[in-house]
Amino acid sequence: MSDDHARNPTTAYYVISGIFLTWNIIGLMLYYQQMTMTPEMLASFDPVKAAFIQATPVWANAAYATAVTFGVIASLLLLLRHKLAFGAFVVSFIGIVLQDLESFVVRDVIAVFGNEAFIIPPIVFVIALIEIGYAKSVANRYYR
């Protein structure tokens, strides 16, 4: 196999990178939606859940912002075949871990949201690990 062929990503590489970008943009949109909730929007929630959301500490919101922003940046870097993609995915993962620690350990999200708290966070956690693993696995083949 020639060096040129080894450096040209497959279509699957771009499809996977595009899926990662789409996933992370959705996360960024959800973050924006949560940060810009109006009192009317919060009123549509159960009062206990609304209070939980409003009581989120600044550092946890910052962790959320870090997770989604670096997820988007990492995905773009992956599409551009840049070696910093791996590190950006790691920073995103750290944001996810901090956010989950705040929700599950510091404030006990399960007591407020019940079993539905176990739906999205594990999916986000696993996908973040997949992103890190994928970025690491293609590093020597495709990165510039």
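Glu-102 counts as buried because its relative accessibility is 1%; buried denotes under 20% relative accessible area, exposed over 50%, and partly exposed the range in between, with a 1.4 Å probe and protein chains only. The side chain of Glu-102 meets that of Arg-107 in a salt bridge with an N to O distance of 2.3 Å. A salt bridge is taken as a side-chain nitrogen of Lys or Arg within 4 Å of a carboxyl oxygen of Asp or Glu. Arg-107, at 21% relative accessibility, counts as partly exposed.

The model is predicted: local features need pLDDT of at least 70, side-chain atom pairs count only at pLDDT 80 or more, and totals for chains, interfaces and linings use all residues. Residues are numbered from 1 along each chain as its sequence is written, and side-chain values use heavy atoms, with hydrogens and water left out.

## Overall architecture

The secondary structure of the protein chain comprises nine helices and zero strands, in the sequence order α-α-α-α-α-α-α-α-α. Helices (H or I, at least four residues) and strands (E, at least two) are DSSP runs, numbered from the N terminus. Along the principal axes, the C-alpha atoms of the chain fill a box of roughly 60 × 25 × 25 Å. Of the 144 residues in the protein chain, 34% are buried.

Two packed helices are described by the angle between their axes and the distance between the axes. Here the axes are lines fitted to C-alpha atoms, for helices over the stretch in contact, and the angles run from 0 to 180 degrees between N-to-C directions.

| Helix pair | Axis angle | Axis distance |
|---|---|---|
| α5 and α6 | about 155 degrees | 7 Å |
| α6 and α8 | roughly 160 degrees | within 9 Å |

The angle of roughly 160 degrees between α6 and α8 makes these two helices roughly antiparallel. Helices α5 and α6 are likewise roughly antiparallel to each other. The classification takes angles under 35 degrees as roughly parallel, over 145 as roughly antiparallel, 65 to 115 as roughly perpendicular and the rest as oblique. The crossing of α5 and α6 is left-handed, and α6 also passes α8 in a left-handed crossing. A crossing is left-handed if the near helix is turned anticlockwise from the far one by less than a right angle, and right-handed if clockwise.

Helix α8 contains Val-126, which counts as partly exposed at 45% relative accessibility. The C-alpha atoms of Val-126 and Phe-93 are 9.9 Å apart, while the two residues are 33 positions apart in sequence.

## The nonpolar surface patch

Trp-59, Ile-94, Leu-98, Leu-101, Val-105 and Val-106 form a nonpolar patch on the surface, and together they have about 580 Å² of accessible area. Patches are made of residues with over 30% relative accessible area and no salt bridge, like charges being joined within 9 Å and nonpolar side chains (Val, Leu, Ile, Met, Phe, Trp, Tyr) within 5 Å. Accessible areas come from the Shrake-Rupley method with a 1.4 Å probe, and for residues only the protein chains shown count as cover. Helix α6 (residues 84-106) supplies the largest share of the patch, five residues. Leu-101 belongs to helix α6 and is partly exposed, with a relative accessible area of 43%.

The structure holds two salt bridges. Besides the pair of Glu-102 and Arg-107, Lys-49 forms a salt bridge with Glu-116, with 3.2 Å between the closest N and O atoms. This pair links distant parts of the chain: Lys-49 lies in helix α4 (residues 47-54) and Glu-116 in the loop between α7 and α8 (120-137), 67 residues apart. Glu-116 counts as partly exposed, at 44% relative accessibility.

Asn-8 lies in the loop between α1 (3-7) and α2 (11-35) and is partly exposed, with a relative accessible area of 48%. A distance of 8.1 Å separates the C-alpha atoms of Asn-8 and Arg-141, which are 133 residues apart along the chain.

## Positive phi in two loops

Most residues other than glycine have a negative phi, and most peptide bonds are trans. Arg-81 has a positive phi, near 60 degrees. Arg-81 lies in the loop between α5 and α6 and is buried, with a relative accessible area of 8%. Asp-108 also has a positive phi, near 60 degrees. Asp-108 is found in the loop between α6 and α7 (109-113) and is partly exposed, with a relative accessible area of 36%.
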